[in-house]
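These are my notebook entries on a two-chain model. I set down what I looked up, in the order in which I looked it up.

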Amino acid sequence: MILLDRVTKMYPNKSVAVSGINLHIGPKEFVTIVGSSGAGKSTLIKLLTREEVQTSGKIIVGGVDYDTVESNKVPHLRRKIGVVFQDFKLLPNRTVFENVAFAMEVSGAKNKDIKRSVPKVLQLVGLKGKEDNFPHEISGGERQRVAIARALIRQPKILIADEPTGNLDPKNAWEIIELLLKINRFGTTVVLTTHNKEIVNALKRRVITINRGRIVKDEEQGRYAV
Amino acid sequence: MIQLIRIMKTGFRNFFRNLWLSTAATAVMTITLTIILFSYIATSALTSTIAQVVEKIDVSVYLKDTVTVAQANNMKATLESTPNVESVTFVSKNDALLIYREQNKNNKELLAAVTPEDNPLPQSLAIKSKDVNKIDPIIAVVNRAQFKDFLQEKDPVSYTGERKKTIDRIVGASNFIKQAGLLASGLFVIISTLIIFNTIRMAIFTRREEIEIMKLVGATNWFIRGPFIFEAALYGVIGTVISVALCYSLVLGAGPQLGTYIDTQNITNIFKSNPFLIVGVELLIGVTIGAVSSLLAMSRYMKLS
């Protein structure tokens, strides 16, 4: 599903963010990436969402070789990958419903389909009844659910969650993780990055540890060790 | 098609959800368009007032009573073949009396002073020139030896010397005012475009995060730009409506009162006969300023691919 072959990213100031990363993540896997701040997690995620372009190496996601994607096709690429961020990145002037609907609007979906799909996804993430609220009117946990709903609405094969629990209290954080596990059970590959030791240790799933831009550990049923 | 409708819908929604910002931007747009329309009005009012003043400058040549109609017509024909002469009209003693009566119809004493039997008014030739700057050659023709006996002894030509200088000054001033008016309008347009550009730039700056989010969710550049451009164009449309309404009510309402000082007839006519042209041009200017400003202001936030 995700294949990285000797991927290196060097920033213009010559600092190396990730170097020689080889990584394979199969379909329906639930993978956690851990590492201290500045280890290269964020760069890795940005390479997957094509916010950054690798300096060398090959990236293939969902059968698409990123080297062959022209810049005007990047929006189409992003529509196939669901991404959830630490700071939610919701559109502040749009309601919960509109935020989720936006993801469908950009790909030209019909109004009829939007009206049918959005309530379903909102129910799935537990936000029934919040459709008309604006992001500033709901809690952090609920905002993250909106972001997840927005990522799920296009039924992506891959969901990337970049520290989704970073801004949440433990109770809300767990609810988000449980939601991600549920999504994974439906067949979506989930790539999660986190700093939360308890969560990683309780998950008992594959853990990839990054340090100074390199993969230092890759274990099935791993533990948090940074 | 559905994308276009969505872009417009989003533009409308943004307009109303950021009502403060929209109001501010629309206000600046309204002021700009009003200034543009006003400088146009002012320039054409001045131009037409001056044109009328200049038009009124014609040369009258007063003839002795002994000159026959045939002789006067002969002189008239000579003048008509002179370059720069627009027209020559023969005003007989009787015509002069009629004009006099018309001018003084409210003053009985003056009317009684002049009767058809005892008419002191001279017959004359009224000459209109094509270009008031070149009147001297016409006067030269009048002063030819062959016409010398026709002319009245005292002040045969209705202006000479000092008045010529006044006319020259008016003509010079009118050219200056035309150019100054054009320059001022141009300057106003540039200044207000800059203000609008800045307003829209700030509006977009406050929403740069939104633009980034839309990109990350997979929106194409045009899907992001569209609503912003539409919203800015909307400022132009509303600004046009307000400014045209303002100028129309001012010109048509206050025009008659101002009529004594400047020539408002011309402006009123322009407004009455070309409402679609005025609205169309204003709309074009407003929408263009809005759309181009927002496009420019957004370009730096669109770089993140």
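**Entry 1: burial and make-up of the chains**

What percentage of the 305 residues in chain B do buried residues make up? I found 27%. I took a residue as buried if 20 or more other C-beta atoms lie within 10 Å of its own, as exposed if 12 or fewer do, and as partly exposed in between, with C-beta atoms placed from the backbone.

I note that this is a predicted model, in which local features need pLDDT of at least 70 and side-chain atom pairs count only at pLDDT 80 or more, while totals for chains, interfaces and linings use all residues. Residues are numbered from 1 along each chain as its sequence is written, and chains are lettered from A and ligands numbered from 1 in the order in which they are written.

For chain A, 43% of the 226 residues count as buried. I then looked up the secondary structure, with helices (H or I, at least four residues) and strands (E, at least two) taken as DSSP runs numbered from the N terminus. Chain A has seven helices and 10 strands. Chain B has 11 helices and three strands, and its elements run α-α-β-α-β-α-α-β-α-α-α-α-α-α from the N terminus on.

I next checked contacts, where two residues are in contact if their C-beta atoms, placed from the backbone, lie within 7 Å. In chain A, residues 24 or more positions apart account for 68% of the contacts with a separation of 6 or more. In chain B, 86% of the contacts between residues at least 6 apart in sequence join residues at least 24 apart.

**Entry 2: the nonpolar cores**

I looked for nonpolar cores, meaning sets of buried Ala, Val, Leu, Ile, Met, Phe, Trp, Tyr and Cys residues joined through C-beta atoms within 7 Å. The largest has 99 residues, of which Val100(A), Ala149(A) and Ile160(A) touch the most other members. Helix H9 (residues 221-258) of chain B gives this core its largest share, 12 residues. A second, separate core of 15 residues includes Leu63(B), Ile127(B), Ile135(B) and Val142(B). In soluble globular proteins, nonpolar side chains tend to be buried together.

I followed Val100(A) further. Beyond its neighbours within four places in sequence, Val100(A) is in contact with Val118(A), Val121(A), Leu122(A), Val146(A), Ala149(A), Arg150(A) and Ile153(A).

**Entry 3: helix packing in chain A**

Axes here are lines fitted to C-alpha atoms, for helices over the stretch in contact, and angles run from 0 to 180 degrees between N-to-C directions. Helix H3 (residues 96-105) and H5 of chain A pack at about 30°, with axes 8 Å apart. H3(A) is therefore roughly parallel to H5(A); the class covers angles under 35 degrees, with over 145 roughly antiparallel, 65 to 115 roughly perpendicular and the rest oblique. On the H3(A) side I listed Val96(A), Asn99(A), Val100(A) and Ala103(A), and on the H5(A) side Val146(A), Ala149(A) and Arg150(A). These residues divide into five nonpolar, one polar and one charged, where Ala, Val, Leu, Ile, Met, Phe, Trp, Tyr, Cys and Pro count as nonpolar, Asp, Glu, Lys and Arg as charged, and the others, Gly among them, as polar.

H5 (residues 140-152) of chain A also packs with helix H6 (residues 170-185) of chain A, at about 15° with axes 9 Å apart. H5(A) and H6(A) are therefore roughly parallel to each other. Their contact includes Gln144(A) and Ile148(A) of H5(A), and Ile176(A) and Leu179(A) of H6(A). Its residues divide into five nonpolar, four polar and two charged.

**Entry 4: where the chains meet**

I found 17 residues of chain A in contact with 15 residues of chain B. Helix H2 (74-78) and H3 of chain A each supply at least two residues of the chain A side. That side divides into seven nonpolar, five polar and five charged residues.

Ala219(B), in the loop between H8 and H9 of chain B, is buried, with 22 other C-beta atoms within 10 Å. Not counting residues up to four places away in sequence, Ala219(B) touches Pro75(A), Val106(A), Met214(B) and Ile224(B). Just after H8(B), Gly218(B) takes a positive phi of about 100°.
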